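Reader: I would like to go through this model term by term. Please set each label against its cut-off.

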Amino acid sequence: MKSKIFVVLGGVAVMTAIWMQTSCAESPKPAVAKLQPPSPVRTLKLPELDPALPAGKGKETVVLMCAVCHTPHYILNQPPFSREVWMAEVTKMQKTYSAPIPEDKVPEILDYLVAVRGSTAR
Ligand code: HEC
């Protein structure tokens, strides 16, 4: 009795295998992407920002203290800020980002920041 079940199951398995093979063979093959000719692009020129800061008193200090972490362009990217806002910005660099800016350099830095990107508005 047991062997009859195995024969039937075996037959079903063989039939299924044959059916799967034929149905797979009939199914259309996925289109093979045609190889593109090599791209004529050989180099990419990425846009560059001029990181140069305008001349002014304290510029060297600012470059020394600020450009160690990021481009000084961050300064020029900001809208004109009041001295208070720049002060908050420098404090944020010190406190939040651990910028090693000595306190005695801060007034000189602020003078320069206000000179190049200052505003009288608050
Ligand atoms: C210890 C590293 C470090 C130093 C030094 C540093 N910064 Fe930053 N600064 C950061 C980081 C980090 C950010 C946030 C970067 C970002 O969001 O992509 C940032 C962002 C800024 C921004 C963008 C506005 C903002 O608040 O996120 C300005 C403006 C800026 N810094 C000015 C300065 C100035 C001015 C100095 C020098 C007095 C300075 N930074 C020094 C780390 C530093």
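Reader: What pattern does the chain follow, read along the sequence?

Author: The pattern is α-α-α-α-α. The chain has five helices and zero strands. Helices are DSSP runs of H or I with at least four residues, strands are E runs of at least two, and both are numbered from the N terminus. This is a predicted model: local features need pLDDT of at least 70, side-chain atom pairs count only at pLDDT 80 or more, and totals for chains, interfaces and linings use all residues. Residues are numbered from 1 along each chain as its sequence is written.

Reader: Why are H2 and H5 called roughly perpendicular?

Author: The axes of H2 (residues 59-66) and H5 (residues 106-117) cross at roughly 105 degrees. Axes are lines fitted to C-alpha atoms, for helices over the stretch in contact, and angles run from 0 to 180 degrees between N-to-C directions. Angles under 35 degrees count as roughly parallel, over 145 as roughly antiparallel, 65 to 115 as roughly perpendicular and the rest as oblique. H2 and H5 are therefore roughly perpendicular. Their axes come within 9 Å.

Reader: Which residues of H2 and H5 meet?

Author: Lys59, Thr61, Val62 and Met65 in H2 meet Glu108, Ile109 and Tyr112 in H5. Contact requires C-beta atoms, placed from the backbone, within 7 Å. By class, this contact has four nonpolar, one polar and two charged residues. Ala, Val, Leu, Ile, Met, Phe, Trp, Tyr, Cys and Pro count as nonpolar, Asp, Glu, Lys and Arg as charged, and the others, Gly among them, as polar.

Reader: What makes serine 98 count as exposed?

Author: Serine 98 has 9 C-beta neighbours inside 10 Å. A residue is buried if 20 or more other C-beta atoms lie within 10 Å of its own, exposed if 12 or fewer, and partly exposed in between. So serine 98 counts as exposed. Serine 98 lies in the loop between H4 and H5. Its phi is positive, about 60 degrees, although serine 98 is not a glycine.

Reader: Which residues make up the largest nonpolar core?

Author: The core has 11 residues, including Leu53, Val62, Trp86 and Ile109. A nonpolar core is a set of buried Ala, Val, Leu, Ile, Met, Phe, Trp, Tyr and Cys residues joined through C-beta atoms within 7 Å. The largest share of this core, four residues, comes from H5.

Reader: How many residues surround the ligand, and which are closest?

Author: The shell has 18 residues, and Cys66, Cys69, Tyr74, Tyr97 and Ala99 are the closest. A residue is near a molecule if its C-beta atom, placed from the backbone, lies within 6 Å of it. By class, the shell has 13 nonpolar, three polar and two charged residues. H4 gives the largest share, four residues.

Key:
Contact = placed C-beta atoms within 7 Å.
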